[in-house]
Structure formats: C-alpha cells, structure tokens
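Visitor: Hi! Could you walk me through this one?
Guide: Happy to, here it comes.

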Amino acid sequence: MGTWQEKIAPGEEELFERLARTLVEGRSGEGRTLHRYSQVGLEGRLVVPSGVAATHAHGLFAKPATYECYVRFSSGAGKSQSDRTTDVRGVAVKVVGVPGEKVIAPLAAAQTQDFLAILSSTFAIPDAETFVGIVQAAPGGPLKILRYLIGRVGFFGALRLVGALAKAQDKGKVSLAERTFFAPLPIRWGDHAAKMRFRPVDLPATPAVVAAGERGLTEALRARVRSSPLTFAVEAQLFVDEQRTPIEDGAVEWLESVSPFVEVARLEIAAQDPESARGQLLQSTCEAMSFDPWHALVEHRPLGSIMRARNAAYRVSTAARKATSELDVRPPSALTAG
Ligand code: HEM
C-alpha cells in the first residue's frame with residue numbers, strides 16, 4: 001500500500017466555516033439542513049467477526065466485537081418530499097459503546113463512531129464551494145443548476161457534472177433494503193486510508209414491490225424490517241496510490257480490480273416494528289441525534305478537503321437544530337420512553 005496524503009489549502013478553515021453558515025442559514029424551516037426526511041430510524045448491531053483479513057483489521061475493525069447501533073435511512077433534500085421525487089438517498093449508522101480517542105477534541109469522551117453513506121460510489125463535485133452552490137441553486141430546478149455550474153466550471157465541465165449528478169439521483173423504484181450504500185470519500189483506516197460500503201447480503205428471491213405513491217420507499221422498507229431481518233456486509237477498500245485511488249478527487253472510482261472490497265463487519269438489523277411504541281421511540285431518537293462522519297475514532301478520521309468542509313457543515317447544522325449532544329447518546333438498549 002502506498003502512503004496517502006491530504007492537501008490542505010491555506011485559509012480553508014475560514015472558507016469552510018463561511019460555507020457552513022451559508023448552507024445552514026439557507027435551510028427552510030426546522031430540522032436537518034440536508035437529508036431531512038427519514039424513511040425510518042432503526043436499531044441494529046454491528047458485528048466485527050474474528051478473522052477479518054489482517055490488511056483490513058484496523059480501528060474499530062481491529063478485533064472481534066459486537067456493538068449496538070442506530071440506523072437512519074433518508075432522502076437528501078433539505079425538505080420533506082415525495083419518495084418518488086428523484087433524490088440522493090442515504091443511510092447513517094451510529095455505532096455506540098466505542099471506546100478510544102475521538103477526533104473532535106470536545107467530544108473526546110464520546111462513545112460513538114458514525115458512518116454515512118449514499119447510493120453513489122463516487123462524489124463528482126470537485127470542492128465544497130461548488131457543493132454549496134449546487135444546494136443553493138437546486139430549488140430553482142435543473143436549469144438554474146446548469147447555469148450556476150457553467151459560471152463555475154465552464155460549459156463542458158458543467159455538462160460532465162450535470163451528468164454525474166443525474167446518475168447520483170435515485171428514482172425511488174427499488175427498495176432501500178436492496179441497495180448498496182457507499183461512503184464515497186475516504187477515511188483513515190488505522191495508518192492506511194479506505195472507502196467503505198454497506199452491501200445487502202440477504203436479497204429476497206424477488207425484489208420488493210415499491211408502490212408508486214408518495215411514500216413507496218418508506219412503506220417498502222418498513223414492511224421489510226417488520227417481516228424479516230436486514231443484514232448488510234460492511235466492506236472496506238484500501239488506498240493503493242494517489243493516481244488510482246486518490247484522496248482528494250472523489251470523482252475517481254476506486255476500481256475493485258485495483259483494490260477489492262473486503263468484509264470487515266456485518267450490520268445486522270433484526271426484524272422490528274417501526275410503528276410500535278419502541279419503533280417510534282427509536283425514530284424520534286434518531287431524528288434528534290446528529291450523525292456526522294467526524295464523530296469518529298482518530299483511526300477513522302475523515303480525509304480530504306470535502307470531508308474537512310463537512311466537519312464545519314454538520315457541526316453548524318446540528319447546533320442550529322439543537323441536536324442531542326454526542327456526549328449524551330445512549331445505546332438503544334438503554335432507551336426508555338419519556
Ligand atoms: C461523501 C459525501 C457525502 C455523504 C455520503 C453524505 C451523507 C449524508 C447523510 C447520510 C446525511 C444524513 C445524516 C442523518 O441521517 O442524520 C447527511 C446530512 C447532512 N450533510 Fe452530508 N453527505 C455528503 C456530503 C456533504 C457535504 C459536502 C456537505 C457540506 C459541505 C454535507 C452537509 C450535510 C449536512 C449539513 C447534513 C445535515 C446535518 C444534520 O443537521 O444532522 N454533506 N449527509
């Protein structure tokens with residue numbers, strides 16, 4: 001494995017703070033700035049088995065253990081909209097009961113490690129400023145986005161980006177229980193760097209039918225977890241070299257032929273009823289909490305410029321909506337109503 005490196009631009013911290021404020025001040029109504037609508041919030045377990053390949057057994061995955069966790073599925077928009085409106089879809093996993101040094105100094109005593117993933121294996125937007133520009137232009141529709149991008153990256157750059165953005169949009173026709181979710185930007189993996197994905201391993205013989213209605217995705221996912229467990233293989237792909245597995249350029253796919261995904265854990269979501277009193281408690285708990293890639297062990301520090309911009313963005317957004325402090329997060333088994 002080669003040696004990974006980050007490129008830190010002078011003055012980027014001030015820029016990221018300013019971008020975070022712009023993003024969060026532009027949010028409509030209460031709640032998350034992005035990924036506001038959640039199909040469901042669930043409890044699960046992260047099981048790190050014995051025998052993880054020595055090359056990949058680092059950080060949280062260094063030794064066998066079972067952790068409780070929260071799992072929140074979401075759509076990317078900064079407002080609640082129909083599941084049939086094309087959008088990014090996400091899954092956020094908060095692993096609880098994780099000892100060890102954390103990257104955010106004031107949260108050093110936090111016992112959590114979060115992983116956030118979407119349906120795309122790449123992140124085509126070149127920098128945080130362009131990301132915020134796209135979010136701001138989005139309510140004006142595709143033409144407004146195109147016009148913004150032409151001004152920012154030129155005509156051909158804009159066409160390329162619009163194509164990549166369109167590919168990242170999901171039409172809401174396949175159940176989220178049957179999709180692979182990727183964390184398309186790298187994190188530290190001990191002394192190495194890696195990208196992760198969550199791959200469903202218990203696909204049904206016939207895909208779930210997703211109704212065409214406003215809440216088709218929501219209903220399909222809830223029906224699935226009501227009737228049977230949902231298991232994802234948690235897999236990691238290691239950095240090889242700057243050319244083929246770049247740290248700073250999320251648009252470049254880390255090919256599996258260059259660096260294969262290797263299983264490091266299973267995310268096991270036992271069958272549960274989201275409409276039960278406990279299911280509702282889990283959902284309200286997930287809504288109030290903050291999922292953030294920077295809620296991380298030092299061994300899993302997010303890497304690259306866009307990840308550093310996210311450090312400011314999630315902090316400012318969760319402060320604006322007064323999310324539960326990371327220091328107050330309790331494991332699902334310790335949750336009680338009221
Ligand atoms: C690899 C790229 C990205 C992925 C995989 C990703 C994923 C996610 C997910 C899954 C959520 C929902 C978290 C939850 O359920 O609570 C979320 C929320 C959010 N994302 Fe991202 N995101 C990415 C890039 C960005 C960037 C570049 C920014 C801004 C610079 C950003 C800003 C936010 C904000 C402000 C929230 C809401 C935070 C809150 O109030 O809890 N994201 N993201």
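**Helix contacts and overall fold**

Guide: Let's start with H1 and H6: Glu 12, Phe 16, Glu 17, Leu 19, Ala 20, Arg 21, Leu 23 and Val 24 of H1 meet Ser 305, Arg 308, Ala 309, Ala 312, Ala 313, Val 316, Ser 317 and Ala 320 of H6. Two residues are in contact if their C-beta atoms, placed from the backbone, lie within 7 Å. By class, the residues of this H1 contact with H6 divide into 10 nonpolar, two polar and four charged. Here Ala, Val, Leu, Ile, Met, Phe, Trp, Tyr, Cys and Pro count as nonpolar, Asp, Glu, Lys and Arg as charged, and the others, Gly among them, as polar.

Visitor: What kind of model is this, and how are residues numbered?
Guide: This is a predicted model, where local features need pLDDT of at least 70, side-chain atom pairs count only at pLDDT 80 or more, and totals for chains, interfaces and linings use all residues. Residues are numbered from 1 along each chain as its sequence is written.

Visitor: At roughly what angle do the axes of H1 and H6 cross?
Guide: Roughly 45°, with the axes of H1 (residues 12–25) and H6 (residues 305–320) coming within 8 Å. H1 and H6 are therefore oblique to each other. Angles under 35 degrees count as roughly parallel, over 145 as roughly antiparallel, 65 to 115 as roughly perpendicular and the rest as oblique.

Visitor: And which residues of H2 meet H3?
Guide: In H2, Thr 130, Gly 133, Ile 134 and Ala 137 meet Lys 144, Ile 145, Tyr 148 and Arg 152 in H3. That contact of H2 with H3 divides into four nonpolar, two polar and two charged residues. The axes of H2 (residues 128–137) and H3 (residues 142–167) come within 8 Å and cross at roughly 150°, so H2 and H3 are roughly antiparallel to each other.

Visitor: Switching topic, how many helices and strands are there in the protein?
Guide: There are six helices and eight strands, where helices (H or I, at least four residues) and strands (E, at least two) are DSSP runs, numbered from the N terminus. Along the sequence the pattern is α-β-β-β-β-α-α-β-β-α-β-β-α-α.

Visitor: What share of the residues count as buried?
Guide: Of the 338 residues, 43% count as buried, meaning that 20 or more other C-beta atoms lie within 10 Å of a residue's own.

Visitor: What about contacts between residues at least 6 apart in sequence?
Guide: Among those contacts, 77% join residues at least 24 apart.

Notes: Axes are lines fitted to C-alpha atoms, for helices over the stretch in contact, and angles run from 0 to 180 degrees between N-to-C directions. A residue is buried if 20 or more other C-beta atoms lie within 10 Å of its own, exposed if 12 or fewer, and partly exposed in between; C-beta atoms are placed from the backbone.
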